[in-house]
Amino acid sequence: MSITERFLSVAEPDLGPLEEQYLLAAFRSGWISSLGEFIDRFESGFARLCGVRSAVAVSNGTAALHLALLAAGVRPDDEVIVPAFTFVATAAAVRHAGATPVFVESEPGIGTIDPKAVAMAITPRTKAIIPVHLFGHPADMDPILELSRTKRLVVIEDGAEAHGAKYKGRVVGSMGHMAIFSFYGNKIITTGEGGAVVTNDPILEERVRFLKDHAMDRHRRYWHPEIGFNYRMTNLQAAIGCAQTERFAELIAKRGRIIELYREVFLGTGLIINPSKAWAEPVPWLVTALLPDGVRRDDRDELIRQLGQKGIDSRPYFHLLTAMPPYAPFRRVGLNEGSPLPNSENISARGLILPSVTWLNEEDVSRVRKAIADFIGT
Ligand SMILES: Cc1ncc(COP(=O)(O)O)c(C=O)c1O
């Protein structure tokens, strides 16, 4: 990196005067814990964005998953179908609920859960499916919703990375029995740390609200008929979330422009930027790049190292969850008998995340292009 070149980071929150104004208002109101006007405002604003009846704000996306699983009635003997290729929280929450994750294969290219593998993974013990809308791209929901109807399974969408994405015209989060979102600092809408469970079902909503707040009886203060949790979001966080939700269109436009810049400069290089299916309307979250087929994991990791030396931040795609000790013992289901998860393996080895901050300009993106071209020789 020359002295004039700036560090290009993968992700930074895009915060402005509106976030500052609302945050100060929350601070000055004295309502800095989990009661206050911004909580209600954020919940209704985010529910509107998802096209659902209600959103329950919680402390993070993992807590949201945990609560959604418990509200769905998932118990220790149950199996929950999850993708093998996702962020760890999807499966960790299944373990928090004491249930058994069953890891299934991904769709080639986009990496979302493969519905054909989901169908093969169902047993009499299956209680729920968690399709993950990965890197801003929706999972193929119709066959999963059909399985849910015929096999009476609960669907919890994991939309942590895909606020506002659409599947065949339907907004992510509005299709399953419940959906969860994360508002971690790198997400499209951030509250620093934060999450939400969204649903159209008032009984599930009530159950999530009950469990997230120490399972206190609504009509009898300090009476707790079950063991609950403190998974509440603060009014300070919600204040930032309100500003971000109001700025959603602007945030999407900025991120969309960055992805277009990458698509232009990488045209014809064999690198695929933010792959997408015809039936999907993904949201621009991070810039994801798939290196040409045949590139090995070690080469990808070496590229990441060399980009780092040039002041360009990047991240590998997730490891398969089945590769890691807490998740290795559980069943994995793919379309082949021999090697169960070749598509997940392939995408996990070839993918990387490139600088995606909203302030990038054409020069920055060309710098990334050149650094990658130097490495792969295009
Ligand atoms: C797919 C997915 N699910 C769940 C989570 C968990 O969210 P949080 O980090 O807010 O707990 C994340 C990540 O942030 C995620 O990417």
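Start by selecting the ligand and the 15 residues around it; Thr62, Asp158, Glu161, Ser182 and Lys187 come nearest (a residue counts as near if one of its heavy atoms lies within 4 Å). Keep in mind that this is a predicted model, where local features need pLDDT of at least 70, side-chain atom pairs count only at pLDDT 80 or more, and totals for chains, interfaces and linings use all residues. Residues are numbered from 1 along each chain as its sequence is written, and side-chain values use heavy atoms, with hydrogens and water left out.

Now pick out Asp158: a polar atom in its side chain sits 2.7 Å from a ligand nitrogen. Click Lys187 next, where a side-chain N or O atom is 2.7 Å from an oxygen of the ligand.

Next, select helix H1 (residues 17-29) and helix H8 (residues 235-246), which pack at about 155° with their axes 8 Å apart. So H1 is roughly antiparallel to H8 (the label for angles over 145 degrees). Show the side chains at their contact (heavy atoms within 4.5 Å): among them are Leu18, Tyr22 and Phe27 of H1 and Leu236, Ile240 and Ala243 of H8.

Last stop: helix H10 (residues 297-309) and helix H12 (residues 362-376). What is the angle between H10 and H12? About 135°, with the axes 10 Å apart, and therefore H10 and H12 are oblique to each other. Select Asp299, Glu302, Leu303, Gln306 and Leu307 in H10 to see them meet Ala371, Ile372 and Phe375 in H12.

Methods. Axes fitted to C-alpha atoms, helices over the stretch in contact; angles between N-to-C directions. Helix = DSSP H or I, 4+ residues; strand = E, 2+ residues; numbered from the N terminus. Parallel < 35°, antiparallel > 145°, perpendicular 65-115°, else oblique. Polar contact = N/O pair within 3.5 Å; in protein donor to acceptor, adjacent residues only side chain to side chain.
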